[in-house]
Each structure stands twice: as C-alpha cells, then as structure tokens.
Amino acid sequence: MLMTEETKKPEPDHVTEAEQGQAAAQEAPAPEGAAAQEGPPQPEQPDWEAEAKRLQAEVADLTNRLLRARADFENYRRRMQRELEERTIYANQRLILDLLPVLDNLDRALATPPTPGDERLRQGVELTARSFREILAKEGLTPIEAVGQPFDPNLHEALATVESAEYPEGTVVSEFLKGYKLGDRVIRPSKVQVSKGAPAQSE
C-alpha cells in the first residue's frame, strides 16, 4: 500500500529533554581533572634544598681529601729531605772513623809537656790539629763533652771507676779517649773514668 503525503507520519519538530542533555554532555569541555588524567604525566619538581645540601657535603668531603693529600705530601717531602741530609752527613762516616786516630795522635802530642827547643814543632802540630778539626767540623763532627759531666751510657763508655771527693758519684772524672758525634749520631763514645763517691769517713 502506497503511503501518501497525508498518511506519512510527521517527524517530531522537537527533541526530547534526554536527547538534549546527552548532546550537551558531549559538547561540554572535559573537567580539569579529567583532562589532566588523559594528558601526558607532568615531571616532578626537584628538591633544590636537598640538592644544595648534597653538593655542600660533597664539596666539604673533597676539600678534606685535598687537605689530607697536601699534608701527606708535605710530610713525605720533609721525610725525603731529612733522609737526604742524613745520607749526606753519614756518607763519610767510615772515612771519618779512619781519620780519628790521626787526630788522637795529634792530641796526645799536644798533651805531652813541652821541651825546650820544640816550640816551632809544637806550633806546627797545633796548626795541623786545628785545621784537621775544622775540616771534620764542616762534615758535621762534634766532640762529646765528658769531664765533669754526669755519666751517660749513650755518650760515655766507663773503663774504670774511682773514689772522688771532688766529684759527686756518677760523674766523669777523666777521659781516656775523646768521643765524637756525627750529626746526631754517636760514632764513638768517650772512654772515661767515673767517680763512685767519696769514701765514708771513719769516726
């Protein structure tokens, strides 16, 4: 059956409220929260205060390491310099020990009482001994003080003891052979006689 224009069902000229609400929901912009969830994630902001503290601690640690390294290097430099000086001083120790008996003989010659007519010879010996001591002193050799000093086993070697009213007990009374130090090292102790105190007075 053909429908005529009169029998066609007219389309409604109005839209229902439900349809209007659905269309409005589709056209309305999405809420901010929804848009944030749908978009790319935002990067977290760095904690600048914590980063500054970390950098300060790192700088302090590096500074301490630098100071320790500098102190270690300075100690190493001083130690090497001291060892070099000691090697320089003690390099000639054997030679000096071999020359000391010559100086001892010169001292013995000068210790003998002078005799008439040997003045010029004695002056020559004195001059030789003086020059000899000056040369050895430049190499770091120094004599050890003995007579009148308290006995020190690090400096003196006691060969005998004697009762003495002049010196207190444990004092060097006389010297058999002069001792010498090379730098801070004793290369030959003084061979001495030590007092053992005055004898007790009988009543």
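Is arginine 54 buried, partly exposed or exposed, and what is its relative accessibility? The exercises below start from that residue.

The model is predicted: local features need pLDDT of at least 70, side-chain atom pairs count only at pLDDT 80 or more, and totals for chains, interfaces and linings use all residues. Residues are numbered from 1 along each chain as its sequence is written, and side-chain values use heavy atoms, with hydrogens and water left out.

**Exercise 1.** Classify arginine 54 by accessibility and describe its salt bridge with glutamate 51.

Solution. 
- Step 1. Buried means under 20% relative accessible area, exposed over 50%, and partly exposed in between (1.4 Å probe, protein chains only).
- Step 2. A salt bridge requires a side-chain nitrogen of Lys or Arg within 4 Å of a carboxyl oxygen of Asp or Glu. For glutamate 51 and arginine 54 the closest N and O atoms are 2.7 Å apart.
- Step 3. Helices (H or I, at least four residues) and strands (E, at least two) are DSSP runs, numbered from the N terminus. The two residues are about one helical turn apart because they are three residues apart in helix 3.
- Step 4. A network of salt bridges links Glu51, Arg54 and Glu58.

**Exercise 2.** Locate the salt bridges of aspartate 61 with arginine 65 and of arginine 133 with aspartate 107.

Solution. 
- Step 1. Aspartate 61 and arginine 65 meet at 3.2 Å, N to O. Both belong to helix 3, four residues apart, or about one turn of the helix. Aspartate 61 is partly exposed at 34%.
- Step 2. Arginine 133 and aspartate 107 meet at 2.1 Å, N to O. Arginine 133 is in helix 5 (residues 119-138) and aspartate 107 in helix 4 (residues 93-111), so this pair ties together parts that are 26 residues apart in sequence.
- Step 3. Arginine 133 has 37% relative accessibility and counts as partly exposed.
- Step 4. The total is eleven salt bridges.

**Exercise 3.** Work out the strand order and pairing of the sheet.

Solution. 
- Step 1. Two strands pair if DSSP finds at least two bridges between them. Such pairing is through backbone hydrogen bonds, either parallel or antiparallel.
- Step 2. Three strands form an open, mixed sheet in the order 2-6-3. Strand 2 (156-162) and strand 3 (172-177) are at the edges with a single partner strand each, so one side of each has no neighbour in the sheet.
- Step 3. Strands 2 and 6 are parallel, over six bridges. Glutamate 157 stands opposite lysine 191 of strand 6.
- Step 4. Strand 3 and strand 6 (residues 190-195) run antiparallel, joined by four bridges. Valine 172 has valine 194 as its bridge partner, and glutamate 175 has valine 192.
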